[in-house]
Amino acid sequence: MKNSPVAAMPSKATAAEVMLRGIPASPGISIGRVHLLIPEKPTIAPRKIAPSEVKAELERFAKALAETRAAIERSRERALAIAGIAVGKIFDAHLMILEDSVFHEQVSSRVSREQFAVDFIVCDVLGHNMEMMQHQSGELFRERAADIRDVRNRLLRFLRGEGDVVPEKPTEPVILVAPDLSPTDTLHIDRQLIRGLAADTGGLTSHTAIVARSLDIPAVVGLGNLTSLVRSGDAIVLNGNSGKIIVHPRSDTLTEYRAKQDRFQTFLSSLENLKDLPAVTPDGHEIHLWGNIELPFEAESVLAHGGRGVGLFRSEFLFLTRDTAPSEDEQFDTYDKAAEVMAPHPLVIRTFDLGGDKLHGSINLRQERNPFLGYRAIRVSLSRRDLFRAQLRAILRASSRGNVRIMFPFISGLEELREAKAVLAEAMAELERERIPHDHQIKVGTMIELPSAVAMADRIAEECDFLSIGTNDLIQYAVAADRGNEIVASYYRSFHPGVIRMIQSTVKAAHKAGKPVAICGELGGNLLATPLLVGLGIDEISTSSTVIPEIKKVIRTMPLSDCRRIASRALRYSTAAEITAYLTKQLKTRLADLPIWFT
Amino acid sequence: MIQKEFVLMNRLGLHIRPAAQFTKIAAKFKADVYLIRDGMRVNAKSIMGVMMLAAGYGAKLEMECIGEDEEQLCAELTELIENKFHEE
C-alpha cells in the first residue's frame with residue numbers, strides 16, 4: 001500500500017493508542033482512516049399513509065422487488081465470474097428469500113390494513129424474521145440471518161430510490177471495518193479506495209478473507225469487538241502479515257509502520273523480477289515451489305506469484321460454502337477449471353478433509369468428544385462411499401488434461417490407503433466402461449500428518465507415487481496439542497525437535513522408495529524453515545501463493561550445501577527454542593531484508 | 001383439516017434448498033399449510049418461515065393442511081418428505 005491520507009498526527013489527541021490482535025487473512029500493511037460499515041439497523045419510523053395512497057405504495061413495493069431481483073442477479077453473475085459457483089450460490093439463496101410469497105403477502109396486507117409506508121412494513125417483517133433466525137441453533141441456520149439482512153438492505157435502498165449502492169460510499173482511500181462483510185459488500189468493493197479490510201468475525205476461510213486475498217487487499221479478521229472501538233475517520237494501522245490492528249496510532253507508531261510499509265513494499269518490488277525464475281539454489285539444486293489453493297480461481301494467483309504447480313487444492317470449500325453435497329458434474333467443472341489454468345503444471349487435488357473443525361450439515365457429523373481424533377477426512381470419505389466415489393470420478397474426469405494428481409488426507413497406515421486406492425480403481429473401471437476419458441496413470445499421493453504414518457512412511461511410499469507432509473496436523477498430533485486450543489498453544493511448536501526428526505525420517509523413507517516428498521503445511525510458508533527443509537531433502541514446498549516469492553528468494557540465496565549443514569546442525573539441538581534461535585540467526589545474517597524481521 | 005406427523009430423514013433437514021422445494025409445492029395449492037415444531041407454528045408457504053424452524057435431520061414435525069384441496073396438498077408434501085427431498 002502506498003502513501004495513506006493519514007497526517008503525521010493521530011486522529012484524536014486524547015484517544016489512547018489501542019492494539020488488537022486478530023487473524024491475518026490477507027498480507028500487506030495499510031495505514032488509513034476507518035470507514036465503518038455497520039449494517040443498517042431497522043430504524044425506519046412508522047409513517048402513516050392516506051387510504052388513497054395504498055395502491056401507489058404497493059406499486060412502489062412491486063417495482064423495488066423487481067429492481068432488487070435484477071440487482072441480486074447481477075451480483076450472482078459477478079460472483080460467478082470472480083469467485084465461481086460456490087459464491088454464486090449465496091445469491092441463489094438471496095433470490096429465494098426475496099421471492100418468499102408469504103413475505104410479499106404479509107407486506108401487502110399490512111400496508112392495506114395498517115396504512116403504514118411500505119418501507120416500515122418491510123423492515124418490520126424482515127427484521128422479525130432475522131431476529132428469529134439469529135436465535136436458532138445450528139450455524140447454517142443462523143447464517144441465514146445475515147442473508148436476510150443483506151436482502152433487506154438492498155430492498156430498502158431500492159424502495160428509497162437510492163439504487164444498488166452501498167450507502168456512504170467512501171470517497172477517499174479507507175480501511176473498511178465491519179462486524180462481518182456481507183457477500184454484496186465484499187463483491188462490490190471498489191478496490192481502488194479500499195486499502196484494507198478488518199472484520200469482527202470470521203476466520204481464514206471466511207468469505208471476507210477469501211475475497212480479500214483474491215483482490216490482494218490486506219485483511220485481518222476475527223477481531224472481536226473492533227467495530228465498537230472505532231468510528232469512521234479514526235486513524236488505523238492494519239497489518240495483514242501479523243494480524244495486528246492499531247487504532248489511534250501514536251505518531252511514533254505511525255513512523256514505525258510507515259517504515260515497515262516501505263520496507264515491505266521495497267521487498268515486494270525486489271521480488272518482482274524473481275517471478276519467472278525457477279526456485280534453484282545457487283549450487284543448482286531445484287525445489288518445486290508450488291501454491292496451496294482453496295478456490296479454483298486462486299490457481300491464477302499461484303502462477304502470478306511465480307508458483308509452478310498447485311501442491312494442495314483443498315476441495316472442502318465445495319461443501320463448506322453450501323448446504324448440499326456437490327454433484328459430480330459440479331465438482332468436475334471446478335477441478336477441470338483449475339487444471340486448465342495450471343496446465344501444464346501439476347494440480348494436486350486433496351480429497352475432502354471434512355470433520356474435525358470443519359463440520360458440515362450435509363454430512364451430519366455427530367457431536368464428538370474429540371473431533372480432531374475422530375470422524376474426519378479419509379474416514380468420512382471411506383464411510384460415505386457415495387460422496388467419495390462422486391469426487392474421485394470428478395477428479396478422474398478432470399485428469400484427462402494430464403496434469404491432475406490425487407492425494408488422500410489423514411492416512412494412518414496402509415489399511416486406509418489400500419481401501420481408498422480400491423475405491424479409486426473401481427471409479428476408474430466405471431469410467432473405463434462408460435468410455436469417459438481419464439488419466440490411466442494418475443499419480444496418487446498420501447498425506448503424512450499422523451505420527452503412525454510417519455512410522456510407516458517406508459511402506460506407504462512403496463504403495464503410492466508421492467508423499468506430502470501436512471505439518472499443521474502433524475505438529476498437532478505429534479505434540480498432542482489441539483492447535484485451536486489457546487490453553488495449550490505454547491505446546492504447539494513448529495520447530496519441536498521431535499517434529500523435525502519426523503520430517504527427516506519421512507524424507508529418508510520416501511527417497512529410499514524412490515518417491516518425492518513435499519511439504520504442504522504452514523511450515524512450508526515459514527521462511528525460517530526453508531533452509532532446514534531444503535537441507536532435509538524436501539523435494540517440493542507448497543504454500544500460500546503470497547509467500548512464494550519470499551520463499552523463492554531464500555532458496556535462490558542459500559546453497560544446498562549450506563542448507564544441509566544447517567539441517568544437520570539444527571538436528572543436534574534439543575529444544576524448539578534453540579532450533580528457532582539458530583535458524584533465525586542463520587537467515588538473518590544472510591537475508592537481512594526479509595519482511596519477517598520487521599512485521 | 002388434515003394433521004400429520006413425520007420425522008425428517010433427509011440429511012440436510014429443512015435447509016434452504018429443501019425448504020424451497022417444500023414451499024414451491026405448497027404455493028401451488030389454495031389450502032393453507034402449517035408446520036409445527038416444539039410449539040413453534042409457521043406458515044409453510046414461506047421459505048423464511050420454514051427455515052425458522054431450524055429443523056435438521058431427525059427433527060419431529062407436525063403438518064396441518066387446511067382448505068379445499070388439502071388432501072392433494074398433504075399427499076404431495078408427504079411424498080416429498082418421504083422421498084427425502086430427492087437429495088441423494
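**Reading surface, core and charge**

Modeller: V7(B), M9(B) and Y57(B) together make a nonpolar patch on the surface, with about 270 Å² of accessible area. Please keep in mind that this is a predicted model.

Biologist: Where in chain B is Y57(B) placed, and is Y57(B) buried or exposed, or something in between?

Modeller: A residue counts as buried under 20% relative accessible area and as exposed over 50%. Y57(B) has a relative accessible area of 44%, so Y57(B) is partly exposed. Y57(B) is in the loop between α2 (47-52) and β4 (60-66) of chain B.

Biologist: How many helices and strands does chain B have?

Modeller: Chain B has three helices and four strands, in the order β-α-β-β-α-β-α along the sequence. Of its 88 residues, 56% count as buried. One buried residue is I36(B), with a relative accessible area of 14%; I36(B) belongs to strand β2 (residues 32-37).

Biologist: Let us turn to chain A. How is the length of a helix such as α14 judged?

Modeller: The span from the first C-alpha to the last is compared with the span expected at 1.5 Å a residue. Helix α14 (residues 385-398) of chain A has 14 residues and reaches 20 Å, close to the 20 Å expected. The helix α14(A) is mostly covered, as 11 of its 14 residues are buried; among them are R393(A) and R397(A).

Biologist: Which residue forms a salt bridge with R397(A)?

Modeller: A salt bridge needs a side-chain nitrogen of Lys or Arg within 4 Å of a carboxyl oxygen of Asp or Glu. R397(A) pairs with E328(A), their closest N and O atoms being 2.8 Å apart. This pair links distant parts of the chain, with E328(A) in helix α12 (residues 328-342) and R397(A) in helix α14, 69 residues apart. At 17% relative accessibility, E328(A) counts as buried, and R397(A) is buried with a relative accessible area of 17%.

Biologist: Over which ring does the charged end of R397(A) sit?

Modeller: The charged end of R397(A) sits over the ring of F332(A), 4.4 Å from its centre.

Biologist: What is the partner of R393(A) in a salt bridge?

Modeller: The partner of R393(A) is E434(A), with the closest N and O atoms 2.8 Å apart. Because R393(A) lies in helix α14 and E434(A) in the loop between α15 (414-433) and β13 (443-448) of chain A, the pair ties together parts that are 41 residues apart in sequence. R393(A), R397(A), E328(A) and E434(A) are among the residues linked in a network of salt bridges.

Technical notes:
Residues numbered from 1 in each chain as written. Chains lettered and ligands numbered in written order. Predicted model: local features only at pLDDT ≥ 70, side-chain atom pairs only at ≥ 80, totals over all residues. Heavy atoms only, no water. Lys NZ or Arg CZ within 6 Å of the ring centre and 35° of its normal. Helix = DSSP H or I, 4+ residues; strand = E, 2+ residues; numbered from the N terminus. Expected span 1.5 Å × (residues − 1). Buried < 20%, exposed > 50% of the residue type's maximum accessible area, 1.4 Å probe, protein only. Patch = residues over 30% accessible without salt bridge, like charges linked within 9 Å, V, L, I, M, F, W, Y side chains within 5 Å. Areas by Shrake-Rupley, 256 points an atom, 1.4 Å probe, with all protein chains shown as cover.
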